[in-house]
Amino acid sequence: MVDVNDSRRFVVIGGGLAGLAAAVWLAEAGEQVTLLERRGRLGGRTQAMGVAEVDDLADNGQHVVASGYRSLWRYLESVGTLQHVEFPGAGSLRWPGGRAVMLHTKGFGAVRTLMGAHPDAGPLERLRALRSALTLVRQALWQPAYLADITTDEWFRRLAMPPKAREALWDWLALGIAAEPVDRESAKVFADVLATGVRIGMRTRKGVTIGYPTVDLDTLYITGAEKVFERHGVDVRYRAVARKIVIVDGEATGVQLADGSVVEADAVICAVPNSSISGLLDDLPEHAEIYAAADKLGFTPIVSTNLYLDRPLKTKSAMEALIGGTGVIDQVFDRQRMHRRAPDGTWLYCLTTSGAYEQIHKSNSEIVAEQMDLIRRYYPEAAEAQVVTGHVVKMPKATFSQVLGTDNLRPDQRTSVPNLMLAGDWTRTDWCATMESAVQSAERAVEALLAQPEQTGRVSRGPR
């Protein structure tokens, strides 16, 4: 056991994934930790939600993961849930009318994926797609200066990426990575993430593939963290609204709450979204620059729809991308396959719409009707399907935006005040708006703080 008198007082603002990871690792290092969460529960934008109509637990959005992650796996190991992630090595693409093909991400099938995997593409078109894809990868690793000035759509056109290859892979992949349509998304943002994945694959000699949780998000991310907090005596304060980080003589000394009280601190990690940062850093010398960056990064909306149907859709895989025909690019997740659910009169399918600028303003009933129309166009089995209940989750500020001109805005975790760090997916990391980005930012913030000598001259202990 660590004597609490021999540890520093750390305050973490924000109970989302970045804040959870920071608090877990500080607690494991033997520090005193207070976690401030403005809502009545932890998890932030990553949580499960009850659906009373069918007495079920659905997620607030389907969250996929990449095998190239590292910080997220460390977090899941810390909270004891790493075994609940699965990598099937393939998904499927589906066109209107029900035609579907498998999309492989491992082995020889991955080469076919790079060629577009479009069922109507001829041999010459596939070779052109492969050539464009290889050029795309080369330019991602050794980036031309113009990438910062063009959209992903413009980049694809410069590379002469064949339309069928774009339809079957690249447009929806770019949308899934940055949650922005390719005609808005920064080419450099997409290139940076692609380069990260390629470098990880080269280093590990394994291709980066996509996976998913086999349990609900509360079980995966939150429940285990709560056990860590209980074991290490972390003080979790709900409904604690932070107003400002108090900085005196170049040092963070506490966090002022909305009720005027101050939580004293020897160090602070501010792990809130860019949309919530305003006001918290007013005492920080560079606060104006950080606020401006946060404002320019803005946010992008995501709408997730949990459809409980009275019959199965007969998907080919747990993850399916709906492509072509409608101008709508969407994803369908078969929760029966993912969570090995035994249907009890209902089948749950989770639909995710990234960059949902038009959909976010519609009513829940309109969204359910729109999504069912979409499903019926792609799945013949849905022609007579009835919606038992539809559960819509609108996230107007789902994540920061990565449109053209935002590639160099993300601030570092370190600030000019040595004992004040920033965390969150919107801060500078090797990834974009992902769980890995959030957790990696927390890891960097924690490591930087634990490496600092304490005021008494003693050197803080690193993570165990």
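This is a predicted model: local features need pLDDT of at least 70, side-chain atom pairs count only at pLDDT 80 or more; totals for chains, interfaces and linings use all residues.
Two strands count as paired here if DSSP finds at least two bridges between them.

**Stop 1: strands β17 and β18**

Select residues 330-334, which form strand β17, together with residues 347-354, which form strand β18. The two strands pair in the antiparallel sense, over four bridges.

Strands β15 and β18 run antiparallel and are joined by eight bridges. Leu-309 stands opposite Trp-347 in β18. Is β18 enclosed or open to the outside? Seven of its eight residues are buried, so the strand is largely enclosed by the rest of the structure.

**Stop 2**

**Stop 2: the largest nonpolar core**

In soluble globular proteins, nonpolar side chains tend to be buried together. In this model the largest nonpolar core has 54 residues, and those with the most contacts inside it are Leu-72, Tyr-75, Leu-76, Tyr-221, Phe-229 and Ile-269. Select helix α1, residues 17-28, which gives the most to this core, with 10 residues.

Centre the view on Leu-72. Which residues does Leu-72 contact, leaving aside its neighbours within four places in sequence? They are Leu-17, Val-65, Tyr-221, Met-435, Glu-436 and Val-439.

**Stop 3: aromatic rings**

A search of the whole structure finds seven aromatic pairs. One to display is Trp-25 with Tyr-75: the ring centres are 6.4 Å apart and the planes stand at 85 degrees, so the pair is edge-to-face. Trp-25 belongs to helix α1 and Tyr-75 to helix α2 (residues 71-79), so that this pair links parts of the chain 50 residues apart. Both Trp-25 and Tyr-75 are buried.

Move on to Phe-156 and Phe-190. Their ring centres are 6.0 Å apart with planes at 90 degrees, so this pair is also edge-to-face. Phe-156 is in helix α5 (residues 152-158) and Phe-190 in helix α7 (residues 187-204), so the pair ties together parts that are 34 residues apart in sequence. Phe-156 counts as buried, at 0% relative accessibility, and Phe-190 is buried with a relative accessible area of 0%.

Finally, select Tyr-69, Trp-73, Phe-87 and Trp-431, which form one aromatic cluster.

**Stop 4: charges over rings**

The charged end of Arg-74 sits over the Trp-25 ring, 4.0 Å from its centre. For a second example, select Arg-158 and Tyr-146: Arg-158 lies over the face of Tyr-146, at 4.4 Å from the ring centre.

How values were computed:
Residues are numbered from 1 along each chain as its sequence is written. Side-chain values use heavy atoms; hydrogens and water are left out. A nonpolar core is a set of buried Ala, Val, Leu, Ile, Met, Phe, Trp, Tyr and Cys residues joined through side-chain atoms within 4.5 Å. Buried means under 20% relative accessible area, exposed over 50%, partly exposed in between (1.4 Å probe, protein chains only). Contact means heavy atoms within 4.5 Å. Rings of Phe, Tyr and Trp (its six-membered ring) pair if their centres lie within 6.5 Å; planes under 30 degrees apart count as stacked, over 60 as edge-to-face and the rest as tilted. A charge sits over a ring if NZ of Lys or CZ of Arg is within 6 Å of the ring centre and within 35 degrees of the ring normal.
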